[in-house]
Amino acid sequence: MIALAGADSSFAQSMRSPILTIDSERLYRDSVFGQRVLQEIEAHSARLAEENRTIEEKLEQEEAELTKQRSEMEAAEFRALADAFDARVQAIRREREAKNGDIASELESNRDRFLTVALPILEAIMLEAGAGIVLEQRSVFISANAIDITDRAISRVNAALGDGTESADD
């Protein structure tokens, strides 16, 4: 049964509490899977930012050239070129926004994949401790560190999922 995979009998004997806490952000961020995903997202974002800078420089040069030509053109001719330039800028902006959206979607789909594996593990830890609830640590005003299961959950998720590259087709 996956829910009890990696069960630690010493944990079950020592940890008996009706309420447990977890830092879900740290669970994701400190897991091997989360670290890999966040590094990939950071790399994609850096590449996109560099592409954006390059495009912005080219567009600024184009705009400066267009501005120089303004005095040598008829108003209607300049307006047509300016409108075409503006349309290209708007299209590029939409494309860039779509790429940002793709990165956000990638992050979200990986979080969903992570939770699919993590939730049964968290449920198993909860059952082992005889708990009926796991609360987000940031929502708890004060608690004993003994009821924080974040490190145990990270260890078990790492064992079950690793960095996620082996089962990327799942």
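**Rings, charges and cores**

Visitor: What makes Arg36 count as lying over the face of Phe33?
Guide: Arg36 is placed over the face of Phe33 at 5.2 Å from the ring centre, and a charge sits over a ring if NZ of Lys or CZ of Arg is within 6 Å of the ring centre and within 35 degrees of the ring normal. Arg111 likewise lies over the face of Tyr28, at 4.2 Å from the ring centre. Please keep in mind that this is a predicted model, in which local features need pLDDT of at least 70 and side-chain atom pairs count only at pLDDT 80 or more, while totals for chains, interfaces and linings use all residues. Residues are numbered from 1 along each chain as its sequence is written, and side-chain values use heavy atoms, with hydrogens and water left out.

Visitor: How many aromatic pairs are there?
Guide: The count is three aromatic pairs, where rings of Phe, Tyr and Trp (its six-membered ring) pair if their centres lie within 6.5 Å, and planes under 30 degrees apart count as stacked, over 60 as edge-to-face and the rest as tilted.

Visitor: Why is the pair of Tyr28 and Phe33 called edge-to-face?
Guide: The ring centres of Tyr28 and Phe33 are 6.4 Å apart and the planes stand at 70°, so this pair is edge-to-face. The rings of Tyr28 and Phe114 have centres 4.9 Å apart and planes at 85°, so that pair is edge-to-face too. Because Tyr28 belongs to helix α2 and Phe114 to helix α4, the latter pair ties together parts that are 86 residues apart in sequence; helices (H or I, at least four residues) and strands (E, at least two) are DSSP runs, numbered from the N terminus. Ring pairs join Tyr28, Phe33 and Phe114 into a cluster.

Visitor: Why are Tyr28, Phe33 and Phe114 called buried?
Guide: Buried means under 20% relative accessible area, exposed over 50%, and partly exposed in between (1.4 Å probe, protein chains only). Tyr28 has 2%, Phe33 has 0% and Phe114 has 2%, so each of them counts as buried. Asn110, which lies in helix α4, is also buried, with a relative accessible area of 12%.

Visitor: What does Asn110 touch beyond residues up to four places away in sequence?
Guide: Asn110 touches Tyr28, Phe33, Arg36 and Val37, contact being heavy atoms within 4.5 Å. With neighbours within four places in sequence set aside, Phe114 is in contact with Leu27, Tyr28, Ser31, Phe33, Val157 and Leu161.

Visitor: Which members of the largest nonpolar core touch the most other members?
Guide: They are Leu20, Leu27, Phe114 and Val157, in a core of 23 residues; a nonpolar core is a set of buried Ala, Val, Leu, Ile, Met, Phe, Trp, Tyr and Cys residues joined through side-chain atoms within 4.5 Å. Two or more residues come from each of β1 (19-22), α2 (24-30), α3 (32-70), α4 (75-128) and α5 (150-161), and α4 contributes the most, with seven residues. Another core lies apart from it, made of eight residues, among them Leu59, Phe78, Ala82 and Val89.

Visitor: How do you know what α5 should span?
Guide: The expected span of a helix is 1.5 Å times one less than its number of residues. The twelve residues of α5 should therefore span 16 Å, and its end C-alpha atoms are 16 Å apart, which agrees. Within α5, Thr150, Ala153, Ile154, Arg156, Val157 and Leu161 are buried, and just after α5, Gly162 takes a positive phi of about 60°.
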